[in-house]
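Have the viewer open while you read.

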Amino acid sequence: MISIKEKIFVPYITANSLKKRVEEIGNEISKDFKEDCPVLLGVLNGSFMFLSDLVKSISTPMEVSFVKVSSYSGTSSTGNVKNLMGLDIDLKNRSIIIVEDIIDTGLSMTHLLEMVQKEHPKKIAIATLLLKPEALKYPMEINYIGFEIPNKFVVGYGMDFDGLGRNLPELYQLK
Ligand SMILES: O=P(O)(O)OC[C@H]1O[C@H](OP(=O)(O)OP(=O)(O)O)[C@H](O)[C@@H]1O
Ligand code: HPA
């Protein structure tokens, strides 16, 4: 059990389980995008840990780039998405895999899909470590899902509560 700014979090998914599942997704992506040299588009800040572990399990040529958006404040969605850092490479005719730590309401991903679509890529896939099916308000096709989790706030493995907890190697759930 840990405490961050007076909220109590309990251990939820171990570092070992995360590692195993991330490797499985990396292997799937390697097979699915063998001929494509995909661009893995990490969504900052939260995806940095998932993305860095994921790319180590991808054995096919690929590139990495980042965008930065923000929609969460404390433990709830603000209902709007702020663009904090845009695209820096040409995505035209490229295969793009948008990499997120978590899809919660789906608002951020809907915004990201619109942003990437405007660049006329060849195809767009979505990889998320976590999905909260009960919280999803904007349904979409998600190609790679690490874990489906209940609608409870989580921290660790890149995910924060008020900026804290991103460094935890395992995942914790709000008690
Ligand atoms: O599906 P949604 O309800 O939009 O929630 C998911 C988004 O919220 C988190 O980002 P956040 O806004 O907290 O920014 P961060 O990645 O910098 O922590 C997460 O990384 C997703 O981008
Ligand atoms: O459960 C969560 N934890 C951390 N960040 C988040 N962003 C959306 N949902 C979450």
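## Ground rules

This is a predicted model, where local features need pLDDT of at least 70, side-chain atom pairs count only at pLDDT 80 or more, and totals for chains, interfaces and linings use all residues. Residues are numbered from 1 along each chain as its sequence is written, while chains are lettered from A and ligands numbered from 1 in the order in which they are written.

Helices (H or I, at least four residues) and strands (E, at least two) are DSSP runs, counted from the N terminus.

## The core

Let's start inside. The largest nonpolar core holds 39 residues, and Phe 50, Ile 97, Ile 98 and Val 99 have the most contacts inside it. Strand 6 gives the most to this core, with 6 residues. A core here means a set of buried Ala, Val, Leu, Ile, Met, Phe, Trp, Tyr and Cys residues joined through C-beta atoms within 7 Å. Buried means 20 or more other C-beta atoms within 10 Å of a residue's own, with C-beta atoms placed from the backbone.

Take Val 99: leaving out residues up to four places away in sequence, its contacts (C-beta atoms, placed from the backbone, within 7 Å) include Leu 40, Val 43, Phe 50, Leu 54 and Ala 127. Phe 50 and Leu 54 are also among the buried residues of helix 2 (residues 48-56), along with Met 49 and Leu 51. The cover over those buried residues includes helix 1 (15-32), strand 3, strand 6 and strand 7 (123-131).

## Strand 3 and its partners

Strand 3 (residues 39-44) is mostly covered, with 5 of its 6 residues buried. It runs parallel to strand 4, joined by 6 bridges, and parallel to strand 6, joined by 4 bridges. Strands count as paired if DSSP finds at least two bridges between them. On the strand 4 side, Val 39 stands opposite Glu 63; in strand 6, Leu 40 has Ile 97 as its bridge partner.

## The ligand shells

Which residues come nearest to ligand 1? Of the 18 around it (C-beta atom, placed from the backbone, within 6 Å), they are Asn 45, Gly 46, Tyr 72, Thr 105 and Ser 108. Strand 6 supplies the largest share of this shell, 4 residues. By type, the shell around ligand 1 splits into 6 nonpolar, 8 polar and 4 charged. Nonpolar covers Ala, Val, Leu, Ile, Met, Phe, Trp, Tyr, Cys and Pro, charged covers Asp, Glu, Lys and Arg, and polar takes the others, Gly among them.

Around ligand 2 you'll find Tyr 72, Ile 102, Asp 104, Phe 153, Val 154, Val 155, Met 159 and Asp 160. That shell has 6 nonpolar, no polar and 2 charged residues.

Terms used: A residue is buried if 20 or more other C-beta atoms lie within 10 Å of its own, exposed if 12 or fewer, and partly exposed in between; C-beta atoms are placed from the backbone. Two residues are in contact if their C-beta atoms, placed from the backbone, lie within 7 Å.
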